Amino acid sequence: MTFRGTILAFMFIIATAIPMTAESAWAASEAGIEQIEPETKCYVNGSNVRIQNGNSQILEVYNVTGVRILTFRIDSEDKTISLNLPKGIYILKVGKFVRKVSLR
């Protein structure tokens, strides 16, 4: 058996070993076309917070005891918000993104 024949035989064995229905073939092809959302980023400068890639989401600000103290709707891909809070440690949440920050 030649190298080419060996490769073809190996491919045949692999293809027949895994049963696949029409529905599972369709699901497999759609799984490869997954929508990837851009990563949300957060930058703090003094009491200003810059949120990137958080469009149409809500920024929630919590104190260290877990009490929500502020909420803002983010209406653009790059939004800077002045929090006007006392110096301290806060937790910012935008969608699934969560970060602990220090305001100075």
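Lys-79 is partly exposed, with a relative accessible area of 25% (buried means under 20% relative accessible area, exposed over 50%, and partly exposed in between, with a 1.4 Å probe and protein chains only). The model is predicted, and local features need pLDDT of at least 70, side-chain atom pairs count only at pLDDT 80 or more, and totals for chains, interfaces and linings use all residues. Residues are numbered from 1 along each chain as its sequence is written, and side-chain values use heavy atoms, with hydrogens and water left out.

The secondary structure of the chain consists of two helices and seven strands (helices, H or I of at least four residues, and strands, E of at least two, are DSSP runs numbered from the N terminus). Read from the N terminus, the order of the elements is α-α-β-β-β-β-β-β-β. Of the 104 residues in the chain, 19% are buried. The chain has an accessible surface of about 8000 Å², and carbon and sulfur atoms account for 58% of this surface (areas come from the Shrake-Rupley method with a 1.4 Å probe, and for residues only the protein chains shown count as cover). Among the contacts in the chain with a separation of 6 or more, 42% are between residues 24 or more positions apart (contact means heavy atoms within 4.5 Å).

Four salt bridges were counted (a side-chain nitrogen of Lys or Arg within 4 Å of a carboxyl oxygen of Asp or Glu). One of them joins the side chains of Arg-50 and Asp-78, with 2.7 Å from N to O. Arg-50 belongs to strand 2 (residues 48-52) and Asp-78 to strand 5 (residues 78-82), so this pair ties together parts that are 28 residues apart in sequence. Arg-50 is partly exposed at 33% relative accessibility, and Asp-78 is partly exposed at 39%.

A salt bridge is also formed by Glu-60 and Lys-93, whose closest N and O atoms are 3.9 Å apart. Glu-60 is in strand 3 (residues 57-63) and Lys-93 is in strand 6 (residues 88-94), so the pair ties together parts that are 33 residues apart in sequence. Glu-60 is buried, with a relative accessible area of 14%, whereas Lys-93 counts as partly exposed at 31%. Together with Arg-68, Glu-60 and Lys-93 are linked in a network of salt bridges. Lys-79 takes part in a salt bridge with Asp-75, at 3.3 Å from N to O. Asp-75 is exposed, at a relative accessible area of 55%.

Asn-48 is found in strand 2 and is partly exposed, with a relative accessible area of 33%. Beyond its neighbours within four places in sequence, Asn-48 is in contact with Tyr-43, Thr-80, Ile-81 and Ser-82. The C-alpha atoms of Asn-48 and Leu-103 lie 8.3 Å apart in space, while the two residues are 55 residues apart in sequence. Arg-99 is located in strand 7 (residues 97-103) and, at 37% relative accessibility, counts as partly exposed. Residues up to four places away in sequence aside, Arg-99 touches Cys-42, Tyr-90, Ile-91 and Leu-92. Between Arg-99 and Val-61 there are 9.9 Å from C-alpha to C-alpha and a separation of 38 residues in sequence.

Most residues other than glycine have a negative phi. Asn-53, which is not a glycine, has a positive phi of about 60°, and Ser-56, also not a glycine, has a positive phi of about 65°. Asn-53 lies in the loop between strand 2 and strand 3, and Ser-56 is placed in the loop between strand 2 and strand 3 as well. At 25% relative accessibility Asn-53 is partly exposed, while Ser-56 is exposed at 55%.

The largest pocket has a volume of about 170 Å³. A pocket is an open set of points, on a 1 Å grid over the protein atoms alone, where a 1.4 Å probe fits, with protein on both sides within 12 Å along at least five of seven lines; lining residues have an atom within 4 Å of a point. Grid points are joined across faces, edges and corners, and the volume is the space filled by probe spheres set on the points. The lining of the largest pocket is formed by Glu-37, Pro-38, Glu-39, Thr-40, Asn-53, Gln-57, Val-94, Gly-95, Lys-96 and Phe-97. Three of the lining residues are nonpolar, four are polar and three are charged (Ala, Val, Leu, Ile, Met, Phe, Trp, Tyr, Cys and Pro count as nonpolar, Asp, Glu, Lys and Arg as charged, and the others, Gly among them, as polar).
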